[in-house]
Amino acid sequence: MSEHQGDLTLSEFLRKNKGKCHLELLITLFLNLLDGIYEIHRQGRIHGDIKTANIICMKKLDGTYQLVLIDFGYSKKIGKLIDNPNSIYTWWFRCWRMFLNEYLRKFPFVKPVRISPIMDLWAFFVSMLHSFSDRSIDFLGFRSKTQEQARQVMSENSCALWLMEKMNKLVFQITDISFIKQIYFVLLNKQGPEQFLKIFNSFGFTLDEPEKMYAEYVEEFHKLRNESPIFGHVKSIFNQTRMCCDKKDADISTILSAMTELFVEILRDGADLSLLDALGMEHIESWLVKLKEILKMIDEIGGIYF
Ligand SMILES: Nc1ncnc2c1ncn2[C@@H]1O[C@H](COP(=O)(O)OP(=O)(O)O)[C@@H](O)[C@H]1O
Ligand SMILES: [Mg+2]
């Protein structure tokens with residue numbers, strides 16, 4: 001048997017070493033893997049099928065480990081339109097943006113989403129969180145759902161749909177999404193009635209009572225946002241993390257909360273920015289900085305075993 005065949009996939013490795021895996025080591029391995037993912041992206045492609053079964057935990061000659069991505073069968077060029085979402089990622093590693101796009105396609109002005117590095121990073125973070133958690137912990141409740149149920153939950157950005165439907169009724173001349181994107185942004189950031197009216201005017205529409213309408217829209221928008229099922233999922237992620245933390249001491253709880261917040265941030269960005277289409281590399285860089293901060297924290301308290 002060659003040395004190559006002796007290497008385990010990350011899922012096999014974690015199963016075999018349950019309770020013996022050092023979190024610090026895992027994070028270090030994942031950060032190194034991120035470098036590899038960046039390299040693929042730099043070459044203008046995404047991997048397209050990142051998951052623990054497609055990551056090999058390779059033992060190097062010096063006895064240390066390295067994570068290596070395998071299975072480039074779904075790799076795609078960045079910027080390509082996704083005509084068939086099932087052509088990339090095992091579905092529970094698929095990012096929010098893809099689910100949302102699939103759902104929003106019922107509006108004629110919503111175009112298919114393009115292949116973006118964020119899709120790999122989403123799958124990367126899901127894989128990472130799976131690795132840090134107990135295997136029985138089901139981060140998004142996905143294992144107990146059918147693909148259709150998960151798609152419904154993940155794609156229902158209530159705010160976006162509410163706004164699109166409302167705007168579609170109000171000004172049925174809409175032919176592109178930029179009007180909706182701008183209004184969404186105004187409501188999301190509570191930019192005020194003047195800005196709200198300005199967008200309407202710039203698209204050639206007038207409003208009788210912009211202040212009243214703005215106040216109503218902001219209220220409804222943020223109410224929906226808080227009631228959105230995705231926020232329910234965020235809460236359940238927190239709870240599951242806490243459950244995991246209960247078994248350990250308070251320091252671990254701090255670290256896992258930090259990891260969770262990181263994930264929640266991605267989740268939130270994935271939701272809002274999919275509509276605003278504004279996700280740039282700066283965000284990705286800032287996540288990396290956060291991960292490194294977490295690593296430093298772990299270092300300071302002397303490491304944790306999972
Ligand atoms: N370099 C490797 N080292 C160890 N195991 C490997 C390696 N390449 C593939 N495998 C094993 O074979 C399985 C399938 O290979 P993969 O390239 O992912 O093809 P598929 O398209 O069938 O998923 C992997 O999940 C892993 O268990
Ligand atoms: Mg595979």
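**A helix pair and the loop beyond**

Author: Buried residues account for 28% of the 306 residues in the protein. The model is predicted. Its secondary structure comes to 13 helices and five strands. Among contacts between residues at least 6 apart in sequence, 73% join residues at least 24 apart.

Now the pair itself. Two packed helices are described by the angle between their axes and the distance between the axes. Helix α8 covers residues 178–188, and helix α9 covers residues 193–202. They pack at an angle of about 175°. Their axes are 10 Å apart. Angles over 145 degrees count as roughly antiparallel, so α8 and α9 are roughly antiparallel to each other.

Next, the residues that meet. From α8 come Gln-182, Ile-183 and Val-186. From α9 come Gln-195, Phe-196 and Ile-199. The residues of this contact divide into four nonpolar and two polar, with no charged ones.

Follow the chain on past α9. Phe-205 sits in the loop between α9 and α10, the latter spanning 210–227.

Last, the ligand. Ligand 1 is surrounded by 10 residues. The closest are Asp-7, Thr-9, Ala-53, Ile-70 and Asp-71. The shell divides into three nonpolar, five polar and two charged residues.

Definitions and conventions
Residues are numbered from 1 along each chain as its sequence is written. Chains are lettered from A and ligands numbered from 1 in the order in which they are written. This is a predicted model: local features need pLDDT of at least 70, side-chain atom pairs count only at pLDDT 80 or more; totals for chains, interfaces and linings use all residues. Axes are lines fitted to C-alpha atoms, for helices over the stretch in contact, and angles run from 0 to 180 degrees between N-to-C directions. Helices (H or I, at least four residues) and strands (E, at least two) are DSSP runs, numbered from the N terminus. Angles under 35 degrees count as roughly parallel, over 145 as roughly antiparallel, 65 to 115 as roughly perpendicular and the rest as oblique. Two residues are in contact if their C-beta atoms, placed from the backbone, lie within 7 Å. Ala, Val, Leu, Ile, Met, Phe, Trp, Tyr, Cys and Pro count as nonpolar, Asp, Glu, Lys and Arg as charged, and the others, Gly among them, as polar. A residue is near a molecule or strand if its C-beta atom, placed from the backbone, lies within 6 Å of it. A residue is buried if 20 or more other C-beta atoms lie within 10 Å of its own, exposed if 12 or fewer, and partly exposed in between; C-beta atoms are placed from the backbone.
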